[in-house]
Amino acid sequence: MEKKLYSEMSANVEKLNDEIQLNANNLFVFGYCKASMELIDLLAEKNIEIKGILDNSEDKQLRNYKGAKVYYPDDILKLVPKSDEKNSVVLVVSRFYETMAKQLRGLGYKGRIEKIVNYNTYSDYSLSDETLNRMIGREQSGERLIKELESKYQNAFKVFFPFNALGDVYIAMSYWYAFAKLKGIVNPVFCVPSKALKEVVLLFGNFQVEVYNQENLDSMVQAAICMRDDRFFIAHHDRPYVVYLHKALYFKMIPLDMIYRCGVYGLSVDAKPMIPRINNKVYKEIEKIPKGKAVIFSPYAKSITTLSENVWNDAVNYYKSIGYKCYTNVVGDEQPLKNTEAISPSISEIRAVVEQAGLFVGIRSGLCDVIREAKAKKIALYPDYNYCDTKWKAIDIYYIDQFDYNILANENIKWEIL
């Protein structure tokens, strides 16, 4: 989870502390995912144990985290005595708060449902004066920012990447030229919520890019929707801007690449993605990496369930045993895997680093997209979870053809045969 979101989660838990402590015997978390695990860890620091984790996935029903078992959402009606229901609390740290809350209310649950992280600042559905005034203020703030943008980039076509996701932006940019040609767009400016995403955009060309914090970008997106200007484009699929494109996934398995190609951009199914240019920027210590005899591990991802330490320990031990030098790609305060060295190339440097090493082993994250064209052996590891609340596995949605191996990770990976 990003630091800003973790801080928000921590502050909200503190704000709800009295309610949580009072109802700790009937406390639940909705969603078995990395963010929920971080929330459970945070509660554990306060000596608060949850009663269970609610999740719709059949495959997760036998799992548990720190003693908290996974249950179907409708099980909450059996787990909480009727007399205590109004004193129970469900904490939601997922992007799908509205869907989860609606499901619980539809089941007849009458307890509290608390949003712990506000991922979607524009998605307020209440018609209270307070909410309406807040939305109007946000739209006005976004309109002012858009006017400043238009003053700086006159007659530019404004493209918003509203979510800090490397993989989504990589795929979106790979089809940008085909979309721009189709629509006759010649002067785009891309608006992104992080410097890392700016680097991803620049992998595909010398574009104009502006970086905004998430709150400002959300307000610009809301203003863009209200202004209904055909010189705006929101390049994303699973937020309720104008259409609910992601709902097609409830009926059919659609790879993320095709969701962007056909769904977001409206291109034909045979449209070809652009391969990013080779950046001339070179990682300063690249010569220290043994060419073809090193492995770059990437064990961290922002929004998915982590893999067991045993998986990484087994991999490190195996590759060290056959003479490979082992590195862990880290960002910020992330720690390297045991018996590996930390390495921190930038987005524009990582492909060359992987090619120098000769081998990449990473949890399936956006970084895998960034290095998908690297001339090296590449292994993507997938936690066993369903995409959102659909019946499709993450490996079905996120499979990368350019990788040598896409593996549903467990603790029995036979590294010697890969």
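A residue is called buried when its relative accessible area is under 20%, exposed when that value is over 50%, and partly exposed in between. In this predicted model, Asp59 has 39% relative accessibility and therefore counts as partly exposed. Asp59 sits in the loop between strand 2 (52-54) and strand 3 (64-65), and, leaving aside residues up to four places away in sequence, Asp59 touches Asn386 and Lys393. The C-alpha atoms of Asp59 and Lys391 are separated by 9.7 Å, although these two residues are 332 residues apart along the chain. Lys393, one of the residues that Asp59 touches, is also linked with Arg63 and Asp384 in a network of salt bridges.

A search of the whole structure finds 16 salt bridges, and some of the pairs can be followed one by one. Lys66 is bridged to Asp41, with the closest N and O atoms 2.7 Å apart; this pair links distant parts of the chain, since Lys66 lies in the loop between strand 3 and strand 4 (68-71), whereas Asp41 belongs to helix 3 (residues 34-45), 25 residues apart. Lys66 is exposed, at a relative accessible area of 56%, while Asp41, at 24%, is partly exposed.

The salt bridge between Glu85 and Lys82 has its closest N and O atoms 3.5 Å apart, and here Glu85 counts as buried because its relative accessibility is 6%, whereas Lys82 is exposed at 66%. In the salt bridge of Lys158 with Glu150, where the closest N and O atoms are 3.4 Å apart, the lysine, Lys158, counts as buried at 5% relative accessibility, and Glu150 counts as partly exposed at 28%.

In soluble globular proteins, nonpolar side chains tend to be buried together. The largest nonpolar core has 85 residues, of which Phe161, Trp176, Tyr265, Phe297, Val361, Leu381 and Trp415 touch the most other members. Apart from this core lies another, of 24 residues, including Leu16, Ala35, Ile40 and Val117. Returning to Trp176, its contacts, not counting residues up to four places away in sequence, include Phe157, Val159, Ile185 and Tyr265.

Helix 10 (residues 214-227) has 14 residues and reaches 20 Å from its first C-alpha to its last, close to the 20 Å expected at 1.5 Å a residue. Its N-terminal end is capped by Asn213, a side-chain oxygen of which lies 3.2 Å from the backbone nitrogen of Glu215. Among the buried residues of helix 10 are Gln214, Leu217, Asp218 and Met220, and the helix is followed by Arg228, whose phi is positive, near 50°.

How values were computed:
Residues numbered from 1 in each chain as written. Predicted model: local features only at pLDDT ≥ 70, side-chain atom pairs only at ≥ 80, totals over all residues. Heavy atoms only, no water. Core = buried A, V, L, I, M, F, W, Y, C linked by side-chain atoms within 4.5 Å. Buried < 20%, exposed > 50% of the residue type's maximum accessible area, 1.4 Å probe, protein only. Contact = heavy atoms within 4.5 Å. Helix = DSSP H or I, 4+ residues; strand = E, 2+ residues; numbered from the N terminus. Expected span 1.5 Å × (residues − 1). Polar contact = N/O pair within 3.5 Å; in protein donor to acceptor, adjacent residues only side chain to side chain. Salt bridge = Lys/Arg side-chain N within 4 Å of Asp/Glu carboxyl O.
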